[in-house]
Amino acid sequence: MDLTKLLNPQQLEAVHATEGPVLILAGAGSGKTRVITYRVAHLIENLKVRPDNILAVTFTNKAAEQMKFRVRQLLRARSSDPLISTFHSFCVRLLRREIEAIGYTRSFTIYDEADQLQVVKAAMKELKVDERLIGAKGIQSRISHAKNHGKTPQNLLDDSWEPSWEYTANVFTEYEKRLKKSNALDFDDLLIKTVALFDKFPGLAEKYSTRFPQVMVDEYQDTNRQQYRLVRHLTHTHDNICVVGDEDQSIYSWRGADIQNILSFEKDYPRVRVIRLEQNYRSTKTILAAASAVVAHNEMRKGKTLWTTNPQGEGITYMEAADADEEAMFVAERILQHQKSAPGSHIVVLYRTNFLSRVLEEKMRRYNMKYRIVGGFSFYERAEIKDMISYLTASLNPHDSVHLLRIINSPPRGIGKTTTDGLEALAVERGTSIWSAIEIALQEQRLPMRTLRGLDGFHKMLTDFVEAAEASASLPANISLSDCSASISERKLSSDFSRSLK
């Protein structure tokens, strides 16, 4: 592989820098993904590093899949791939192997935002929190923010300055208890529990650091403190760490990103080699000059001078509107102008949040313009899909109370809110999950006979599903890092689900 014909001098330097810590400061449009993929290919093809000794992490599934695709294109003859994944995906795979050491089972459930909100609401109900003071979504946001910043409920309590924060701390404590009872983790926990494992068991951190002697991190400016600590653990036995980032593109502090991670990289790894990618391949000279003039005012930056061989390009147009209606009218009129000069051309309007589409739609309708809104409900947010996922999840982990409560009366089987409230109260009283509370209610005949019949039918059905899942999807002790998801006996469960949903 002759890299000199494929990369510019700075990119080539970054690809060849494979020993010791490397900080690649990559400006916008400078080919950072190209550098990472060629660096992986160079390690494997030219330096004969085993693919399974390479770990590359990034932030989105799309970015990870794009990297995997490019590496496979470069290394067509290879039978195995390096591990290229998101931070969270890597943590899931690791936890499926190791989480039993901190008191969970490997069949743990991962709660999405809707599931988390249900747990928060249940905790608020238990603690009698007045929603007029603070709503469930507000508490959920505070809990996530606290986790991303490494704060505990006690930290929130110590720092509380008005009643809503004291309520948040108490709900946070109850929220964590409920997740543990349900053998469930939320999205933030994936990082937190992995770091906790490495903190508690240094030998485990050493094991994975030895397993991956080459570590690469994309978009390093967007890492939070938990991700930073994870990277430090993974480089415990070596310092072959290559991070790629741009401090001028750090925009996620609101969700926990800590720009100090990239600004302090040279202090963390004193032997670091800093390489700047400054040639921009994407933008015109005009756009690059405008962007550079803006970021030059950033106070916390290492500094880069971006340049391009692209044309000068057209001037930049901006419009300052008095209100949303005036702005939308301007957009609609500009679209009409474009359509007259280039009939049949495709035009895209970008806006920051979904609610901003309404006023734009009104103006499009006024001019009888055809348009299509991209977005709407995700496939996985549809009620029937979430029901099916809950059935599958509860089959693998019946103590997952959130998913259990979603399906306990879907389809209707005579188990209403009064019954589920009673089961929740019984679960709290006995310090157990809803699933165990159902078993207690059936054994002690604590509910009306009609309700017990519905509960008994549900219990028998789910017990069959659980047994089928356990029989066909038990996780082997030597499960590989790249294949760690449990599979359910598709034939039996699909037929049983079909009957139950009729």
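## A walk from helix 15 to the cores

Let's start with helix 15, which runs over residues 324-341: its 18 residues reach 26 Å from first C-alpha to last, close to the 26 Å expected at 1.5 Å a residue. Keep in mind that this is a predicted model. Viewed down the axis of helix 15, its buried residues fall within an arc of 125°, so they line one face of the helix. Who are they? Ala 328, Met 329, Ala 332 and Ile 335 are the buried residues of helix 15, and they pack against helix 16, residues 357-366. Now look at the start of helix 15: there, a side-chain oxygen of Asp 323 comes to within 3.2 Å of the backbone nitrogen of Asp 325.

Next, follow the chain past helix 16. In the loop between helix 16 and helix 17 (383-396) you'll find Gly 375. Gly 375 is exposed, with a relative accessible area of 64%. Gly 375 and Asn 354 are 21 residues apart in sequence, and their C-alpha atoms sit 8.8 Å apart in space.

Now for the nonpolar cores. The largest one has 40 residues, and the members that touch the most others are Phe 90, Phe 198, Val 217, Leu 230, Ile 241 and Phe 265. Helix 4 (residues 87-98) gives the most to this core, with six residues.

Key: Residues numbered from 1 in each chain as written. Predicted model: local features only at pLDDT ≥ 70, side-chain atom pairs only at ≥ 80, totals over all residues. Heavy atoms only, no water. Helix = DSSP H or I, 4+ residues; strand = E, 2+ residues; numbered from the N terminus. Expected span 1.5 Å × (residues − 1). Buried < 20%, exposed > 50% of the residue type's maximum accessible area, 1.4 Å probe, protein only. Arc of directions from axis to C-beta. Contact = heavy atoms within 4.5 Å. Polar contact = N/O pair within 3.5 Å; in protein donor to acceptor, adjacent residues only side chain to side chain. Core = buried A, V, L, I, M, F, W, Y, C linked by side-chain atoms within 4.5 Å.
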